[in-house]
Amino acid sequence: MSHDWLIANIPMDKVVLRKWLKAGVVLNGEAFPTEAGTPQGGVISPTLANMTLDGMEGVLRRRFAPSHPQSKKNKVNLIRYADDFVITGATKELLLEAKALIEDFLRQRGLTLSEEKTKIVHIEDGFDFLGWNVRKYDGKLLIKPAKKNVQAFMRHVRSTIRETRTATQAKVIARLNPIIRGWANYHRNQVASETFGKVDHAIWQQLWQWACRRHPHKPLTWVKDRYFAREGTRNWVFRSQVIGDNGETTFVRLVRASDVTIRRYRKIKAEANPFDPAWDSYFAERRSLLMQRQGRRLPPKLWEAQKGICPVCREPITTESGWNCRAK
């Protein structure tokens with residue numbers, strides 16, 4: 001990013017900004033000057049990058065204005081997350097025109113589009129964005145975890161299992177659970193059930209090899225009984241017995257990606273204002289939907305019967321407050 005553009009356009013103390021941009025970076029005791037861009041890992045680098053890229057949507061809106069009679073047919077929209085963005089359009093010609101506008105927008109800021117990552121594709125061929133694959137199948141839009149994202153996740157899982165080759169089963173579970181749970185939660189709003197099942201099977205194969213490698217001279221049935229248990233109707237549950245400090249025995253088991261419930265995300269309306277009384281019914285509907293998802297922790301039928309209000313303190317019952325009365 002151009003330092004001149006940043007200093008001229010970023011709304012902050014110019015002296016502080018100039019010193020911060022020109023301070024340089026020290027790596028392994030050696031100083032490196034910064035003539036352009038922002039220091040990677042700097043505390044305000046992400047903020048400066050976002051502020052630099054703000055305005056893309058306005059550029060497109062001015063060219064393909066909503067007031068234009070063909071605006072709906074053009075379908076030109078921008079979806080941006082940090083420095084990754086997608087522009088939609090009805091035709092390739094429109095997208096080429098939009099690309100030229102964005103290139104000019106970035107050139108003023110000392111930036112250019114990545115030729116390797118920039119491409120124009122048909123929605124029926126699909127494209128990857130933020131770890132998801134967006135594609136239409138027979139006219140129906142489905143967003144699934146991207147193959148590259150799944151492969152990167154499985155590489156992480158395999159490397160973790162290799163690193164814990166000599167660790168106890170409980171430590172392996174402790175290492176893997178946050179990885180699996182975090183990845184599955186990221187994809188839970190998309191069409192991911194089939195992918196979750198495949199990932200669970202691939203992880204099971206890795207753990208089975210891990211267990212057999214530890215006991216090469218034991219029968220397979222012994223290995224299975226040692227590391228995999230039966231819980232209810234589920235078999236082959238990778239779990240371990242743990243004895244606490246007070247001598248209490250508990251079990252820890254491996255989280256499965258398919259244990260994470262798929263929940264469709266409902267986008268918040270951009271114009272919605274929680275401080276405007278005109279939007280009270282809209283936010284009440286969203287709170288109702290959120291409370292209905294809480295299951296046993298917050299009984300939805302009771303919440304609806306009380307109209308979302310505590311009968312004692314008369315305050316709203318939310319996921320943050322729970323069922324604990326504030327008057328106590």
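The protein chain has twelve helices and ten strands. Helices here are DSSP runs of H or I with at least four residues, strands are runs of E with at least two, and both are numbered from the N terminus. This is a predicted model, where local features need pLDDT of at least 70, side-chain atom pairs count only at pLDDT 80 or more, and totals for chains, interfaces and linings use all residues. Residues are numbered from 1 along each chain as its sequence is written, and side-chain values use heavy atoms, with hydrogens and water left out.

Two totals for the chain. Of its 328 residues, 33% count as buried. Buried means under 20% relative accessible area, exposed means over 50%, and partly exposed is in between, with a 1.4 Å probe and protein chains only. As for contacts, meaning heavy atoms within 4.5 Å, take those with a separation of 6 or more: residues 24 or more positions apart account for 46% of them.

Now the strands, beginning with a hairpin. Strand S3, residues 77–81, pairs with strand S4, residues 84–88, in the antiparallel sense over five bridges. Two strands count as paired if DSSP finds at least two bridges between them. Leucine 78 is placed opposite isoleucine 87 in S4. Two residues lie between S3 and S4, and alanine 82 in that turn has a positive phi of about 55°.

Next is an open sheet of three strands, in the order S5-S6-S7, with antiparallel pairing. Which strands stand at the edges? They are S5 and S7, the latter being residues 140–145; each has a single partner strand, so one side of each has no neighbour in the sheet. On average, neighbouring strands here are turned by 30° against each other, direction ignored. For such angles, axes are lines fitted to C-alpha atoms, for helices over the stretch in contact, and the angles run from 0 to 180 degrees between N-to-C directions. S6, residues 132–137, is joined to S7 by six bridges. One of the bridge pairs is lysine 136 with leucine 141 in S7.

Isoleucine 120 sits in the loop between helix H6, residues 92–107, and strand S5, residues 127–129. With 34% relative accessibility, isoleucine 120 counts as partly exposed. Leaving out residues up to four places away in sequence, isoleucine 120 touches Lys92, Leu95 and Leu96.

The other open sheet has three strands in the order S8-S9-S10, again with antiparallel pairing. S8, residues 228–231, and S10, residues 249–253, stand at the edges with a single partner each, so one side of each is left without a neighbour in the sheet. S9, residues 234–243, pairs with S10 over five bridges, and isoleucine 243 stands opposite threonine 249 in S10. Helix H8, residues 169–187, packs on this sheet, touching S9 and S10, and its direction makes about 110° with that of S9. Helix H9, residues 193–214, lies across S8 and S9 and runs at about 55° to S9.

Between H8 and H9 is a loop, and arginine 188 is in it. Is arginine 188 buried or exposed? Arginine 188 is buried, yet has no salt bridge; the nearest side chain of opposite charge, aspartate 259, is 11 Å away. For charge, Lys and Arg count as positive and Asp and Glu as negative, while His and the chain ends are not counted. A salt bridge is a side-chain nitrogen of Lys or Arg within 4 Å of a carboxyl oxygen of Asp or Glu. Among the residues that arginine 188 touches, leaving out those up to four places away in sequence, are Phe196, Val260 and Ile262.

How many salt bridges does the structure hold? The number is eleven. In one, arginine 175 pairs with glutamate 163, the closest N and O atoms being 2.9 Å apart. That pair links helix H8 with helix H7, residues 147–163, across twelve residues of sequence. Arginine 175 is partly exposed at 37%, while glutamate 163 counts as exposed at 56%.

Another pair joins glutamate 231 and arginine 253, with closest N and O atoms 3.7 Å apart. Glutamate 231 is in S8 and arginine 253 in S10, 22 residues apart. Aspartate 259 forms a salt bridge with arginine 256, at 3.4 Å between the closest N and O atoms. Finally, Glu231, Arg234, Arg239, Arg253, Arg256 and Asp259 are linked in a network of salt bridges.
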